[in-house]
Amino acid sequence: MKLKIAVLKGDGIGPEVTNQAIKCLNAIAENFGHTFDYTEGVVGAAAIDQTGDPLPEATLDLCKNSDAVLFGAIGDPKYDNNPDSKVRPEQGLLRLRKGLGLYSNIRPVKVFPTLIGNSPLKKKIIRGTDFVIYRELTGGIYFGEKTLSEDGTEASDLCIYSEAEISRIAHLAFKAAKNRRKKLTLVDKANVLESSRLWRRVVTKIGESYPDVELSFLFVDNAAMQLILNPSQFDVILTENMFGDILSDEGSVIGGSIGLLPSASVGDDNAMFEPIHGSYPQATGKDIANPIAAILSAAMLLDHFGLDEESRAVVLAVFKAMKKEIVTEDLNADSEFGTEAVGDFIANNIAMSDDHISLNRENIWLGKSTII
Ligand code: IPM
Ligand code: MN
């Protein structure tokens, strides 16, 4: 397969972790006979410094003309501490999502068996956790009209959703549930918000076309509690933009490090793959950032294009790194391995492994694989 991949490394640790993901994609290309062509574009604070714009036109065009986007991270403390700043790195990411029509953000949360002790939660609570959040990404309060009164004392952000926006992501979430454990939970605040009541009506109606998927509803405050009390009850969680933002950060601590979690943002014509962590400016250039979320995002990219075996090869190599404790210091405080070394180990193991091919995905994810 030939793929044109736009690479937006962004700010902070973005470049170093994305470089490790590219190493792994190169190992896949070589081993499985694919051609991946990469073109870099600037985004975020790095783009503001160069052009004054967090998403220059050229970068958006590059992404539109590519098959997929590999994204690092954006954000810089010099903007975080200044709420009055007119231009912010995050605007680049939001415009990119909107501009590419990436309405569905997919965030899997899984507890890796070999890292179960890393979680701040008790093992008996988190064992078996394996859910995926479908977060709506181009609507809701993030994109509704914003106002600020002239005297600066009143502000508002409108949370608006249309039936069409709800239904396109709902179909993707139901299809995902159908291929998993057949449970879908819609998270909302339907006891208070009109927009949530619309979500319930639309999703209930769509559910009739997926009779084998069990649909349930949970208010977001309760969902925040249930995620910590009993995360293994969830299979697919479907929710609107801001609830999904918050719950996915909460979900990320279950596995022990936010440095492990990948994501995919997909639309009808484009797809982007990025770690869910931010730019972690304190770690920039220190070779300590965990590259695994970026590498697993590359695995999601492969999966998205139907390259299942290739995706599995990446995941297995990641498991092997964890099993052998070739991990960064967030996972093992005494670790002598840095970002590059972990990336090299994983890429080299992709190149070497041809014994994985007959393993089935479920066994791999459940940690039952014999080769790790
Ligand atoms: C995320 C981030 C973004 C969001 C920020 C950087 C705008 O937190 O991808 O979850 O809120 O969507
Ligand atoms: Mn977030």
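How many residues does helix 5 have, and how far does it reach from its first C-alpha to its last? In this predicted model, helix 5 covers residues 89-100 and has 12 residues. It reaches 17 Å from its first C-alpha to its last. That is close to the 16 Å expected at 1.5 Å a residue.

Which residues of helix 5 are buried? They are Pro89, Gly92, Leu93, Leu96, Arg97 and Leu100. Seen down the axis of helix 5, these buried residues fall within an arc of 130 degrees, so they line one face of the helix. An α-helix has 3.6 residues a turn, so residues three or four places apart point the same way.

Take one residue of that face. Arg97 is found in helix 5. Its relative accessibility is 5%, and because buried means under 20%, Arg97 counts as buried. What does Arg97 touch, not counting residues up to four places away in sequence? It touches Leu102, Arg107, Arg135, Leu137, Thr138 and Glu274.

Arg97 is also one of the residues around ligand 1. Now look at the oxygen atoms of the ligand. One oxygen atom of ligand 1 is 2.6 Å from an N or O atom in the side chain of Arg97. For the side chain of Arg135, an oxygen atom of ligand 1 is 2.8 Å from an N or O atom. For the side chain of Tyr142, the corresponding value is 2.5 Å. How much of ligand 1 does the protein cover? On its own, ligand 1 has 320 Å² of accessible area, and the protein covers 76% of it.

Return to the end of helix 5. Helix 5 is followed by Gly101, whose phi is positive, near 65 degrees. Gly101 has its place in the loop between helix 5 and strand 4, residues 104-110. With a relative accessible area of 29%, Gly101 is partly exposed. Leaving out residues up to four places away in sequence, Gly101 touches Val266, Gly267 and Asp268. Asp76 lies 25 residues from Gly101 along the chain, and their C-alpha atoms are separated by 25 Å.

Next comes helix 8, residues 194-207. At 1.5 Å a residue, its 14 residues should span 20 Å. Its end C-alpha atoms are 20 Å apart, which agrees. The buried residues of helix 8 are Ser195, Ser196, Trp199, Val202, Val203, Ile206 and Gly207. Seen down the axis of helix 8, they fall within an arc of 135 degrees, so they line one face of the helix. What is exposed on the other side of helix 8? Arg201 and Lys205 are exposed there.

What do the buried residues of helix 8 pack against? Their partners include four strands: strand 5 (130-136), strand 8 (183-188), strand 9 (214-219) and strand 10 (236-239). They also pack against helix 7 and helix 10 (241-252).

Helix 7, residues 163-178, holds His171. Is His171 buried or partly exposed? At 27% relative accessibility, His171 counts as partly exposed. Leaving aside its neighbours within four places in sequence, His171 is in contact with Ile206 and Tyr210. Ile206 is one of the buried residues of helix 8. Ala293 is 122 residues from His171 in sequence, and the two are 26 Å apart in space, C-alpha to C-alpha.

Notes: Residues are numbered from 1 along each chain as its sequence is written. Chains are lettered from A and ligands numbered from 1 in the order in which they are written. This is a predicted model: local features need pLDDT of at least 70, side-chain atom pairs count only at pLDDT 80 or more; totals for chains, interfaces and linings use all residues. Side-chain values use heavy atoms; hydrogens and water are left out. Helices (H or I, at least four residues) and strands (E, at least two) are DSSP runs, numbered from the N terminus. The expected span of a helix is 1.5 Å times one less than its number of residues. Buried means under 20% relative accessible area, exposed over 50%, partly exposed in between (1.4 Å probe, protein chains only). The arc is that of the directions from the helix axis to the C-beta atoms. A residue is near a molecule or strand if one of its heavy atoms lies within 4 Å of it. A polar contact is a pair of N or O atoms within 3.5 Å; within protein, one must be able to donate a hydrogen and the other to accept it, and residues adjacent in sequence count only if both atoms are side-chain atoms. Accessible areas come from the Shrake-Rupley method with a 1.4 Å probe; for residues, only the protein chains shown count as cover. Contact means heavy atoms within 4.5 Å.
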